[in-house]
Amino acid sequence: MIRITDILDRISVYHPEADLDLVERAYIYTARVHEGQVRLSGEPYLSHPLEVAGLLTELKLDTVSVAAGLLHDTLEDTGATMEDLTQLFGKPVAHIVEGVTKLSLLSFRSSEARQAESIRKMILAMADDIRVILIKLCDRLHNMRTLQFQSEKKQIKIAQETLDIYAPLASRLGIHWIKVELEDIAFKYFFPNQYHEISNQVAKKRDEQQEHVDKIKKVIETMMAEANLPCKVMGRHKHSYGIYQKMMKQGVDFDEVYDILAFRIILDTVPQCYQAVGIIHSVWKPIAKRFKDFIGIPKPNMYQSLHTTVIVPLGERVEIQLRTKKMDRIARDGIAAHWQYKEKGGFDQDTGAVFAWLRKLVEEQKDYKDPDEFMENVRIELFPDEVYLFSPRGDVLALPKGATPVDFAYSIHTEVGNQCTGAKVDGRMVPLKYELKTGQRVEIITSPRHKPSKDWLNFVKTPRARSRVRQHIKAEERKWSLALGREMCEKLLRKHNMSFNKSLKSDEFEAAVQGLGYKTADDLIAGVGYGKVTPLQIVRYLLPKTEITDEKETVVTKSKEPDARKRPKSGILLKGIDNVLVRFAKCCNPLPGDPVVGYITRGQGVTVHRTICHHALDMDPERRIELEWAPETKESYPVRIHVLCDDKMGVLASLTASISQDEANILDAAVNTRIDKRADCYFTISVSGADHLENVIRSVKKIRHVIMVTRVAT
């Protein structure tokens, strides 16, 4: 366990004039409030905040950050309050600690919603003070280093969350060493067989190639010396998860993955980098389309370097990166390398401009009322691969890989996106779903009368475009629902010799608005059009009960006994509603235990979706309805899984045996072999719920030669 004296010594080295008293006081307070608490490893809980603070000193952060790192769990796990922290350590420290603190004390409808709200709060806080996320990443890294003490179920859950959110976030912030370690540890627990196989092969190759690495390194140093270019040359093998991703992307075995070996050349100036790459290309043959200039066009996370892949003697492919010392420091520590030790802290103007993506995400987060939609858009923003495009005026725009002209249009302005009718790429007309590529010049053609199409949601990539299209569709849906609701109400009121316009202004109608849980009269009328309320429910507020004839309600009808909890055959309970046709969406195959949401269709009852289903995210929220699974459901539900495995004898038998041993019935099976000696196995199995499915997947993952197991739609 790192000691407080080690932390203070490190700070003194990179920041001699630092206020060490603040850190010491934070340590004493943390030790006192965490006294008696123990981690799962058996160590005193104090070891965790100390390790987090130690990682922050590796990033060379200021004393406010280190103090906040020591205190980061006090609000959540002790009796400490914001008032205590503000009074003892000042507002900046307390503000950062509050930003890092999880939302465990609040009540959300699911763990996914809790995670989404926690991530939302973290991103809002990091936009206000980037030190929040730096502490959060160090906190996650130490928790990952001690993940072996968690249960297997928690290990898998935390590993997946790390791969989905925290590793991409570290990459987006340019902190390479944290990103690599997070990915490799998560890989170890999420795909243990593949991790150990690749790690062993990398270690074996490292031992076999050490002499070869030294020889190539010596040749590069000689080249640079002859050109009078002082430099530092380093050779390394790529990390396990990076190799695994390349194997999956290219569909190849480990032995077929090229450029596992990489060299880095650190020079003094930018001109020297370009001169050095020219020398390398004159000696070793470069691979076409593998030269990337991230100095001329830096990545959004500030990363700058020249990348080239060349063929060295013996025919081996080797990646070479060339950068300056400053670029190398930024490549390692990312945004932390730009931290300035000022009284008020903060970043320089250039660094702030680079992180426009963060400000944009924060500005638009208010549009994402659904936590699942917010998480979907966060993942898109954190997606590392990007394309760089030029506007007709020569401005450079960075968009996610796979972005289309519609994404480009919305990145310019909302109205440009809404009115987009076509696009020219490099002077040539292309379809709106055309995937843009780096270096292309994009021109958007607009028409004032044009409106966004719902079909755009099938191909747009950016959260901004998706959000704006959804907003327009929701506005159109509301307009349609208002008109339909008004027509339905007028029709029923005419039967009772009543005027709709007069009724709308009456106190009774206002009572109906309040009584049925709406804010305005328009909201209530739209609710009728959406199918959430019937005209008869409104009329009951407008007329005495004796005057109301026995009308049949045509949409979702309130149960006479809302507390009656009969277990329906579908296994789904609609809160406060009964006798409704329920269908399960085939796009996501919801299972008991999955968080679900209902969508009121026109004339076909309620369709049940998983909350993470992209179709559910595209729904109009006005037509959503809360659902829950009936207790002790004994039904069986079909679900499809995809198993990617090596094409070896006996693997299929092992798969079917494992599924059967976990008491899951195989309804259908299909196997497709690949030319890369792998096989895609698709099984439709019958399970009792999400937990049952998770047990099946966990067992299948343990089988030798199994590479990946995923749940898929039918």
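Guide: Start with a definition: a helix here is a DSSP run of H or I with at least four residues, numbered from the N terminus. Helix α10 covers residues 152–172, and S171 has its place there. Keep in mind that this is a predicted model.

Visitor: Why is S171 called buried?
Guide: Buried means under 20% relative accessible area. S171 has 19%, so S171 counts as buried.

Visitor: What separation is there between the C-alpha atoms of S171 and Y303?
Guide: They are separated by 9.8 Å. Along the chain, these residues are 132 residues apart.

Visitor: Why does S481 count as buried?
Guide: The limit is again under 20%. S481 has 0% relative accessibility, so the label buried applies. S481 is found in helix α21, residues 463–495.

Visitor: Which residues does S481 touch?
Guide: I525, A526, G529 and Y530. Residues up to four places away in sequence are not counted.

Visitor: How do the two helices meet?
Guide: From α11, the residues in contact are D184, F187, K188, Y189 and F190. From α12, they are P192, Q194, Y195 and I198. By class, this contact has 6 nonpolar, 1 polar and 2 charged residues.

Visitor: Now a strand. Why is β14 described as largely enclosed by the rest of the structure?
Guide: Strand β14 covers residues 596–600. Of these 5 residues, 5 are buried, so the strand is largely enclosed.

Visitor: How do you know that both faces of β14 are covered?
Guide: Check each side. V596, G598 and I600 on one side are buried. V597 and Y599 on the other are buried too.

Visitor: What makes β14 and β15 a pair?
Guide: Two strands pair if DSSP finds at least two bridges between them. β14 and β15, residues 606–610, have 5 bridges, in the antiparallel sense. V596 stands opposite R610 in β15.

Visitor: How many bridges join β14 to β16?
Guide: There are 3, and the strands run antiparallel. β16 covers residues 624–629. The bridge partner of V597 in β16 is E626.

Visitor: Which way do β1 and β6 run against β2?
Guide: β1, residues 232–237, runs antiparallel to β2, with 6 bridges. β6, residues 316–324, runs parallel to β2, also with 6 bridges. I265 of β2 is the bridge partner of V233. I265 also stands opposite L322 in β6.

Visitor: Next, the sheet with the order β10-β9-β11. Why are β10 and β11 said to stand at the edges?
Guide: This is an open sheet of 3 strands with antiparallel pairing. β10 (428–430) and β11 (442–446) each have a single partner strand, so one side of each is left without a neighbour in the sheet. Neighbouring strands here are turned by 35° against each other on average, direction ignored.

Visitor: What joins β9 to β10?
Guide: 3 bridges join them. β9 covers residues 420–425. A423 stands opposite V430 in β10. Helix α19, residues 405–412, lies across β9, β10 and β11, at about 80° to β11.

Visitor: Last stop, α27. How do you know that its buried residues line one face of the helix?
Guide: The buried residues of α27, residues 651–661, are V651, L655, S658 and I659. Seen down the axis, they fall within an arc of 95°, so they line one face. An α-helix has 3.6 residues a turn, so residues three or four places apart point the same way.

Visitor: What covers the buried residues of α27?
Guide: The cover includes β17, β18, β19, α28 and β20. Just after α27, E663 takes a positive phi of about 60°.

Key: Residues are numbered from 1 along each chain as its sequence is written. This is a predicted model: local features need pLDDT of at least 70, side-chain atom pairs count only at pLDDT 80 or more; totals for chains, interfaces and linings use all residues. Side-chain values use heavy atoms; hydrogens and water are left out. Buried means under 20% relative accessible area, exposed over 50%, partly exposed in between (1.4 Å probe, protein chains only). Axes are lines fitted to C-alpha atoms, for helices over the stretch in contact, and angles run from 0 to 180 degrees between N-to-C directions. Contact means heavy atoms within 4.5 Å. The arc is that of the directions from the helix axis to the C-beta atoms. Ala, Val, Leu, Ile, Met, Phe, Trp, Tyr, Cys and Pro count as nonpolar, Asp, Glu, Lys and Arg as charged, and the others, Gly among them, as polar.
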